[in-house]
Amino acid sequence: ISTMMTEGREIWTSLAFVQITTASISFIASLAVAVSIWRAGGLSNGPYTRIIFSTRVADILKSFALIVGPFVPPESVPEAYWSIGNQATCSTSGLIFGVGGLSFGMHIAFLCFYYLCKIKYKMTNEVFSAKFERKVHAFIIIIALIINLAGLGLGAINTAAIGGRFCTFAAFPTGCRQNAELYGECTEPRTTHALLILN
């Protein structure tokens, strides 16, 4: 059993190193692109540049949450070997991860829509900005915040069930859905509506 536990910890450590390394590369690259756009006055260069800037900001948030991910879960989580945090640090990191991840994906979809308007409908940047840009940016930010703040309020942001290397929407205690005998029965969310998010 101790050999299996040692092997499990070594695998966890390797995966945590990979997570931190890849997230750090992504964080630095996105930060470099965002700063370059900002310093070059790129936010006034049209909707394409602003959408790219928004994807980079979202990726910075998501990558940061993955970098600190192995350290922020509560110390009581069995598989989070490097954890020095508590539920508050986990919830905060999970909120940042959720907002960044969701807004990143939605901005990529927005970029595809931009190209559809440019290529198929021959829409100018001015028309695109007037008809869609501000509304879609606002929609993405509002949706990402509402969903993740709702998850935070419902107590649905916890340590990820697989590996315990970051915090996201997950049942509590960590691992309860995979092995209730080992980790304990899942705690009911603060409201039954949270079941829709967790399932």
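**Cysteines and disulfide bonding**

1. The structure, which is a predicted model, holds one disulfide. The bond is formed by Cys90 and Cys167, whose sulfur atoms lie 2.1 Å apart, which is inside the 2.5 Å cut-off used to call a disulfide.

2. As to its place in the chain, the pair links distant parts, with Cys90 in helix α3 (residues 87-119) and Cys167 in strand β2 (residues 167-169), 77 residues apart. The disulfide is left-handed, because the torsion about the S-S bond of Cys90 and Cys167 is about -120°.

3. Both ends of this bond can be checked for accessibility. Cys90 has a relative accessibility of 0% and therefore counts as buried, and Cys167, at 1% relative accessibility, also counts as buried.

4. Cys112 itself counts as exposed, because its relative accessibility is 52%, where exposed requires a value over 50%.

5. Cys117, for its part, is in no disulfide, and the nearest cysteine sulfur to it is that of Cys112, 11 Å away. With a relative accessible area of 3%, Cys117 is buried, whereas Cys112 is exposed.

How values were computed:
Residues numbered from 1 in each chain as written. Predicted model: local features only at pLDDT ≥ 70, side-chain atom pairs only at ≥ 80, totals over all residues. Heavy atoms only, no water. Helix = DSSP H or I, 4+ residues; strand = E, 2+ residues; numbered from the N terminus. Buried < 20%, exposed > 50% of the residue type's maximum accessible area, 1.4 Å probe, protein only.
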